[in-house]
Amino acid sequence: MDIKEEINQLKKEKDAVILAHYYVRPEVQEIADYTGDSFYLSRTAEKLTCRVIVFAGVFFMGESAKILNPEKVVLMPEVSADCAMAHMADPETIQKMRDTYDDLAVVCYINSTAELKRHSDVCVTSANAVQIVRELPNRHIFFIPDRNLARFVARQVPEKHFVFNDGFCPVHESMKVREIERARRQHPEALTLVHPECPAAICDMADYVGSTSGIIRYAQDSPSREFIVCTESGVRWELERKNPGKTFYFPDTEPVCEDMKTITLEKIRDVLRTGNNEIHVEESSASQAAKPLERMMDLAA
Ligand code: 13P
Ligand code: SF4
């Protein structure tokens, strides 16, 4: 039996479903039952009726799935796969902002620890942040942890006053204007598609800025045949699968989230076999962190 057959058999035996983010390795996306961006995966985790979820993604994703689904077993193929940005804010600063602005909403990107979520008013992902912030009654918004997504949202919701935090995604932050300019010179017909975790200078070059699934949708709907894609390069697999005949270019310094790439078929098989790497979130912390996540689910269209 090859490893894919083994995984499929174990999935049936254990009543398990595999969720995978677009940034994981192609062979992991291929074996997954559901592949998507952060919002799609959170929503899917809530709808599933299986006993076990294997989350092929980084820690905050599995942790959020567990918080929203405390009755399910959530297994991480690689428990050390983490998102650096998830830690780039702190409860003390949140409290300081609450003391400063009496109508403050603390808006927390889902790429964050449970500890940050539990001090926040609402969670968002890159797919729903603009819509949710626009609908909040509060005028002052403290957006954590990502300064780049915050700036992208702030530009589209000018009626709100934003307080910025200094977090960022190291993968998107390190994209270089000169590399995008070079790609545009080489491929003058190509449209530039950018994830809002990128810095302002990259977003300003874009024909479209949006979440990973937004980028995929845009490429599918567009009559263009060529695209320069400024996000993590794992998305190439889904872009090419959904768009035969279209060509996708990435910056010369390939944007790779090493943590996402630590998830392998072998590790998925092993956690299915052993039940190791189960996520546990302490009950009181989980129930507090569930509130902003559930509010996101209610507010997101
Ligand atoms: P989305 O899945 O919301 O596009 O976010 C990208 C990301 O960096 C996930 O870690
Ligand atoms: Fe975190 Fe960036 Fe990796 Fe996404 S790509 S998991 S934001 S480090």
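I looked up Leu19 first. Neighbours within four places in sequence aside, Leu19 contacts Ala32, Tyr34, Leu41, Thr44, Ala45, Ile53, Phe55 and Ala56; contact means C-beta atoms, placed from the backbone, within 7 Å.

The model is predicted: local features need pLDDT of at least 70, side-chain atom pairs count only at pLDDT 80 or more, and totals for chains, interfaces and linings use all residues. Residues are numbered from 1 along each chain as its sequence is written, with chains lettered from A and ligands numbered from 1 in the order written.

Next, the core. I find 90 residues in the largest nonpolar core, and Ile18, Leu19, Val54 and Ala56 have the most contacts inside it. Such a core is a set of buried Ala, Val, Leu, Ile, Met, Phe, Trp, Tyr and Cys residues joined through C-beta atoms within 7 Å. Buried means 20 or more other C-beta atoms within 10 Å, exposed 12 or fewer, partly exposed in between.

Then I turned to ligand 2. Its shell has 14 residues, the closest being Val58, Cys83, Cys169, Val171 and Cys257; a shell residue has its C-beta atom, placed from the backbone, within 6 Å of the ligand.

Last, the backbone. I noted a cis peptide bond between Ile144 and Pro145, with omega about -20 degrees. Asp15 is not a glycine, yet has a positive phi of about 55 degrees. Asp15 counts as exposed because it has 11 C-beta neighbours inside 10 Å. Asn277, also not a glycine, has a positive phi of about 60 degrees. With 18 C-beta neighbours inside 10 Å, Asn277 counts as partly exposed.

Terms used. Two residues are in contact if their C-beta atoms, placed from the backbone, lie within 7 Å.
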